[in-house]
Amino acid sequence: MTENFEDTIAAISTAMAPSGIGIVRISGEDALAIADRVYTGKKEKRLTDQEQYTIHYGFISDHGEKIDEALVMVMRAPHSYTGENTVEIDCHGGVLATRRVLEAVIHAGARPAEPGEFTKRAFLNGRIDLSQAEAVMDIISAKNDYALRSAQQQLSGSISDKIEEIRQSLLYETAHIEAALDDPEHMSLDGYGPQLRRIVVQQREEIHKLLESADSGKLIQEGIKTVILGKPNAGKSSLLNLLLGEERAIVTDIAGTTRDVLEEQINIRGITLRILDTAGIRNASDKIEQIGVTRAIDQAKDADLILYVVDRSVPLDQNDYEIMKLIRNKKSIIILNKSDLSSEVTEEMMREELAKYGEDLSEPVILNLSAKEKLGLEDLEKQIEKMFFNGKIEFNDQIYVTNVRHKKALEDAEGSLNYVMKSIDDQMPEDFWSIDLMGAIDALGRITGESLGEDLVNEIFAKFCMGK
Ligand code: GDP
């Protein structure tokens, strides 16, 4: 528990922008009493005397000065998001009005909340575990439908349940070993090694499955880092515009200026492509020296996907060969652009050329497209889906690990279980088994927050946004 846990906190929970309504949230022991000091209802009835889950119309005042009219919601502990007494004030969404209401609430005795403090209290009050608290943040920052669904699954406890299942199984075995070591006269561990080994293999497999989902999970949540490569005039910016959709392109043309956008996000089939250095792409055709290749080399290095645009209406040249070298070990899609024009470069020619640059390129993904005529976009989308998610993202019962912190904990748990197996195989004493089993249990507990120090918990919540 934090030292100020007894405080009643308040914050603006909506975005600070002109909008229909703004919400000021108050949570803590004195939430209703504090709200009563700023709220005046029609019938002069105090909020403290109102029923659970009721909404009231009235005015908010600060030191006797009327600030705004508002709807006020009453939620009593433990039946609220934080598990504490909570009042939500819906006022007008003007930046100033909302801020004045918050100030009034602070004057009346609440303390400004820290970022994430409402959710932190929900966690400390046992309403949700840590992975669920993190899911709340993931929902708020979801960039696409899949990220949202995955975060919602996590909030509903999908990861917690799975982790708890594995943890319980390991706890049971650890307790068994400890009990036997304590009372060797009545409990024997003879022949237990192979039995434990089977269980450890099984649970390690479960952990491994979760870890395997992490790559897709990361892509779902963060998007696919994409770089478009190609020589000048190949059609890179035309492709970018096609992907972005027509309207954006028109806007760009009118502006006619350098856009200093470094990254553009595109949602296709629920997947987010993060296209890097779009300003560079747009400028490249003006400046021959920025042949796109030199500029993009750095980014291509840590890209998840390279879209290599080939102008199929002209022969390949040195720029193309440079790019082929560059994409050797990368997930790439080779786009033969300008399919509306007669073709100097065919798929077979590309295949032959690429094969010269390494085995990885022996089965390249090549497709024809016309950025100008808008032909072939669907093929491209399908290819991306196939490349990263084997065709479709399955959401029936697949759990995706999207959080780097969870991934690290799972890796540690897997490592500990490997040690357990080694100890069994090497016929080490039984207490070696239980030490590493406990290591795994501890690592898994870090995901749900069970075995995590206060400092780390604070650090996690500090990354949350204000008012949540
Ligand atoms: P970048 O230098 O790679 O960004 O290439 P641009 O996108 O600026 O395109 C260069 C030129 O090729 C422009 O005149 C485009 O209109 C043209 N272009 C791009 N894609 C196509 C296409 O699919 N077909 C045809 N016929 N022209 C295209």
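On helix α17, the exposed residues D455 and A462 sit on the face turned away from its buried side. Exposed is over 50% relative accessible area, buried under 20%, partly exposed in between (1.4 Å probe, protein chains only). This is a predicted model: local features need pLDDT of at least 70, side-chain atom pairs count only at pLDDT 80 or more, and totals for chains, interfaces and linings use all residues. Residues are numbered from 1 along each chain as its sequence is written, and side-chain values use heavy atoms, without hydrogens and water.

**Helix α17**
- V457, I460 and F461 are buried in α17 (residues 454-462).
- Seen down the axis, the buried residues fall within an arc of 95 degrees, so they line one face of the helix. The arc is taken from the directions from the helix axis to the C-beta atoms.
- These buried residues pack against α3 (117-124), α4 (130-141) and α15 (404-425). Contact means heavy atoms within 4.5 Å.
- Helices (H or I, at least four residues) and strands (E, at least two) are DSSP runs, numbered from the N terminus.

**Strand β10**
- In β10 (residues 271-276), 6 of 6 residues are buried.
- I271, L273 and I275 cover one side; T272, R274 and L276 are on the other.
- β9 (residues 263-268) pairs with β10 in the antiparallel sense over 6 bridges. Pairing requires at least two DSSP bridges between two strands.
- β9 and β10 form a hairpin with 2 residues between them, and R269 in the turn has a positive phi of about 45 degrees.
- β8 (residues 224-229) pairs with β10 in the parallel sense over 3 bridges.

**Strand β4**
- I55 lies in β4 (residues 54-62).
- I55 is exposed, at 55% relative accessible area.
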